[in-house]
Amino acid sequence: MKIATAAEMHDLGKRIGAQCVAGDLILLKGPLGAGKTVLVQGIGEALGISEVTSPTFVISRIHKAALPLIHVDAYRLLEGGKAAMYLDDLDLDSPRESAVTVIEWGGEESARLSDERLEIVIDRTNEVREVTVTPVGARWQGLKL
C-alpha cells in the first residue's frame, strides 16, 4: 500500500493497533526516516498510549496500559553483529505474553521470537512510501487494513 504522509502512517498504525491482542509481535523494517516510530505511535494510540518515543538509546521501553506496549529499537543491536544474543539479553519472553511487542529494525533475529507475527516493510525509495504488510501464522490471517 502507498503511504504519502506521516498522518497516513500514524493512521495505519491505529488500524493495526485496534486489532492487537496480548502476545502479538510486530516487526518493522525500513531505513532511517521511513516512519517506523510514527507507525508505532499509531499502534500506541489505539492501545490508549499517548507518549510513544523512539527507544533508540535505551533499546527497549514498556508503555503501560490495559494492553501494554513493548517498543524495541534493535538498530544499535545490529551494529555489533550479535543481535540475536543481545535481543535475548532484553528478556522479552515473560512480559511479551501480556503485551503487544513492536520491534523496529526487526529481522531474522527477531522473527525467531514467534511463529505468529506481523512483518511490515517500509520502502521509502520514492517520496510516497510503499508499505508491505505480511501476516505470518494463523493469528494475523484476518488482518483488515
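Valine 21 touches Leu67, Ala99, Val100 and Arg139, not counting residues up to four places away in sequence; contact here means heavy atoms within 4.5 Å. Valine 21 lies in the loop between H1 and E2. Helices (H or I, at least four residues) and strands (E, at least two) are DSSP runs, numbered from the N terminus. Between valine 21 and alanine 99 there are 78 residues of separation in sequence, but 7.5 Å in space, C-alpha to C-alpha. The cut-offs are under 20% for buried and over 50% for exposed, with partly exposed in between (1.4 Å probe, protein chains only).

A word on the source. This is a predicted model, in which local features need pLDDT of at least 70 and side-chain atom pairs count only at pLDDT 80 or more, while totals for chains, interfaces and linings use all residues. Residues are numbered from 1 along each chain as its sequence is written, and side-chain values use heavy atoms, with hydrogens and water left out.

Now the overall layout. The protein has 6 helices and 7 strands, and from the N terminus the elements run β-α-β-α-β-β-α-α-α-β-α-β-β. Of its 145 residues, 45% count as buried. Among contacts with a separation of 6 or more, 61% are between residues 24 or more positions apart.

Next, the sheet. In what order do the 7 strands stand? The order is E1-E7-E6-E2-E5-E4-E3, in an open sheet with mixed pairing. Two strands pair if DSSP finds at least two bridges between them. E1 and E3 stand at the edges with a single partner strand each, so one side of each has no neighbour in the sheet. At the E1 end, E1 and E7 are antiparallel and share 2 bridges; lysine 2 has glutamate 130 in E7 as its bridge partner.

E5 is worth a separate look. E2 and E5 run parallel, joined by 4 bridges, and E4 (residues 69–73) is also parallel to E5, with 5 bridges. Glutamate 104 in E5 shows both pairings: leucine 28 stands opposite glutamate 104, and glutamate 104 is also the bridge partner of aspartate 73. In E5, 5 of 5 residues are buried. In a regular strand the side chains alternate between the two faces of the sheet. Here both faces are covered, with Val100, Val102 and Glu104 buried on one side and Thr101 and Ile103 buried on the other.

On to the helices. H1 (residues 6–17) has 12 residues and reaches 16 Å from its first C-alpha to its last, close to the 16 Å expected at 1.5 Å a residue; that expected span is 1.5 Å times one less than the number of residues. Its buried residues are Met9, Leu12, Gly13, Ile16 and Gly17. Seen down the axis of H1, these fall within an arc of 135 degrees, so they line one face of the helix; the arc is that of the directions from the helix axis to the C-beta atoms. The cover over the buried residues of H1 includes E1, E2, H2, E6 and E7.

In H2, the buried residues are Lys36, Thr37, Leu39, Val40, Gly42, Ile43 and Gly44. They pack against H1, E2, E4, E5 and E6. Glycine 48 follows H2, with a positive phi near 90 degrees.

Then the cores. A nonpolar core is a set of buried Ala, Val, Leu, Ile, Met, Phe, Trp, Tyr and Cys residues joined through side-chain atoms within 4.5 Å. The largest has 25 residues, and Ile26, Leu69 and Ile120 have the most contacts inside it. H1, E2, H2, E5, E6 and E7 each give two or more residues to this core. Apart from it lies another core of 10 residues, among them Leu25, Leu27, Ile70 and Ala111.

Last, histidine 63, in E3 (residues 60–63). Histidine 63 is buried, at a relative accessible area of 8%. A polar atom of its side chain lies 3.5 Å from the backbone oxygen of glutamate 51. Beyond four places in sequence, histidine 63 is in contact with Ile49, Glu51, Val52, Thr53, Pro68, Leu69 and His71.

Definitions and conventions
Polar contact = N/O pair within 3.5 Å; in protein donor to acceptor, adjacent residues only side chain to side chain.
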